[in-house]
Amino acid sequence: LPLLLKATLLRLASGSYHPFYNGFYYNHIMNDNDDGQDKVDYFSGARLVVETSRDPIYTYNGANVTLPCHYRYEPDLGPKRKIRIKWSKLRDDYTKEQDVMVAIGKTYVAFGDFKGRAHIHQASRHEASLVISDVRLKDDGKYRCEVIDGLEDESDVVDLRLKGIVFPYQPPRGQYRLNFHEAEHVCQDQGAILANFNQLFQAWSEGLDWCNAGWLADGTVQYPIRLPRKPCGGVHLAPGIRSYGPRHRHLHRFDAFCFSSALKGEVFYLDHLAGMTLEEAKQSCQDAGAEIARVGQLYSAWKFLGLDRCNAGWLADGSVRYPIVTPRANCGPAEPGVRSFGFPSKGRFGVFCYRER
């Protein structure tokens, strides 16, 4: 046999080669002199296992939610040892993490937007669940629960999804006028955020059909088609999400797909006999202790609160719309939805107002 192979076989046969597996786990540590001599074999005694929910956890904007995470040792080590718990939020492609919080025992630190909203729930032995209060739209996504015990480090991922609604948005200037950053801003102005792919797919599965391409949160441009037709990719393509892929975030211009969730307040309608201009509508909402509603708020009230009004009203962006839950004569198409009159420069209408509870 070649000399190198003989030496390897002799070393394995001598029993001096570490680490090895016999049902327990060893970490082989060299000494500080770096002379190749063993300093210590650290024996952990058991395998660390971390588990989260296999199914997505669903919640709403403004709610409190618990992301379950538990760990155990195989075999069981008895009383819980002092370990370090770290929670991170992942990008959809797993390329980057946002620190959420770190905890050792009862001491913990939350980071960024999670300060004051996140803490560890440890109601049972070996629990490392994360509690997020006052959930925000951008909390939607994947979270990593990581448990560190000495030199052992194991993790698992749980998916947090907000129940909400996706709506396409065009600004008053018309179709395909928004670069990625402008799309982010217009969604925020409407009480929403740019939708992600999972949210758009869910909306498509619930019936959303829209032939204009729009930005998503990952910088891709896509659109959902339920009924294939010539202007929307062709009649021979199957229904689904059409994708232009990633586009240049500054140069390319499209519409936006925005995502909004449940409301913390209520949307209500006001009208005067002769109708109102946009400025008069804003003042009427203020007089009622409210503010003129945004587009995302109207969509949320329609979906989650059953708002049904066959009267057109102003919204904060200068558009005129009305929500229909039960289609009927003289109230537009035969399907439920939020109807739009666009952005009229003239005219007198009612107004939809929003007030916090």
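# Rings, bridges and helices

Reader: Let's start with a tyrosine. At 37% relative accessibility, what does Tyr244 count as?

Author: Happy to start there. The classes are buried for under 20% relative accessible area, exposed for over 50% and partly exposed in between, with a 1.4 Å probe and protein chains only. Tyr244 has 37%, so this tyrosine counts as partly exposed.

Reader: Before we go on, which pLDDT do side-chain atom pairs need here?

Author: Residues are numbered from 1 along each chain as its sequence is written, and side-chain values use heavy atoms, with hydrogens and water left out. This is a predicted model, where totals for chains, interfaces and linings use all residues and local features need pLDDT of at least 70, while side-chain atom pairs count only at pLDDT 80 or more.

Reader: Thanks! On to the rings: how many aromatic pairs does the structure hold?

Author: Rings of Phe, Tyr and Trp (its six-membered ring) pair if their centres lie within 6.5 Å; planes under 30 degrees apart are stacked, over 60 edge-to-face and the rest tilted. By that rule, the number of aromatic pairs in the structure is 15.

Reader: Which kind of pair do Trp215 and Phe254 make, and how many residues apart in sequence are the parts they tie together?

Author: Their ring centres are 5.8 Å apart and the planes stand at 80°, so this pair is edge-to-face. Trp215 belongs to strand E16 (residues 214–215) and Phe254 to the loop between strand E18 (240–246) and strand E19 (255–261), so the parts tied together are 39 residues apart.

Reader: And Tyr223 with Tyr244: which arrangement do they have, and how many residues separate the parts they tie together?

Author: Their planes also meet at 80°, with centres 6.0 Å apart, so the pair is edge-to-face. Tyr223 lies in strand E17 (residues 220–225) and Tyr244 in strand E18, so the sequence separation is 21 residues.

Reader: Which residues do ring pairs link into a cluster?

Author: Both pairs above belong to it, and Trp215 and Phe254 are buried. The ring pairs join up Tyr176, Phe180, Trp215, Tyr223, Tyr244 and Phe254.

Reader: Which ring does the charged end of Arg226 sit over?

Author: The test asks for NZ of Lys or CZ of Arg within 6 Å of the ring centre and within 35 degrees of the ring normal. The charged end of Arg226 is 5.4 Å from the centre of the ring of Trp204.

Reader: Now helix H4: which of its residues are buried, and what arc do they fall within?

Author: Helices (H or I, at least four residues) and strands (E, at least two) are DSSP runs, numbered from the N terminus. In H4 (residues 278–287) the buried residues are Ala281, Ser284 and Cys285. They line one face of the helix, because seen down its axis they fall within an arc of 100°, taken from the directions from the helix axis to the C-beta atoms. So the arc is 100°.

Reader: Which strands do those buried residues pack against?

Author: The opposite face of H4 carries the exposed residues Glu279, Gln286 and Asp287. With contact meaning heavy atoms within 4.5 Å, the buried residues of H4 pack against strands E20 (265–270), E21 (291–292), E22 (313–314) and E25 (350–356).

Reader: How many residues of helix H5 are buried?

Author: H5 spans residues 295–304 and is mostly covered. Its buried residues include Leu298, Tyr299 and Trp302.

Reader: What are the relative accessible areas of Arg54 and Asp156?

Author: The two ends fall in opposite classes. Arg54 is exposed at 61%, whereas Asp156 is buried at 16%.
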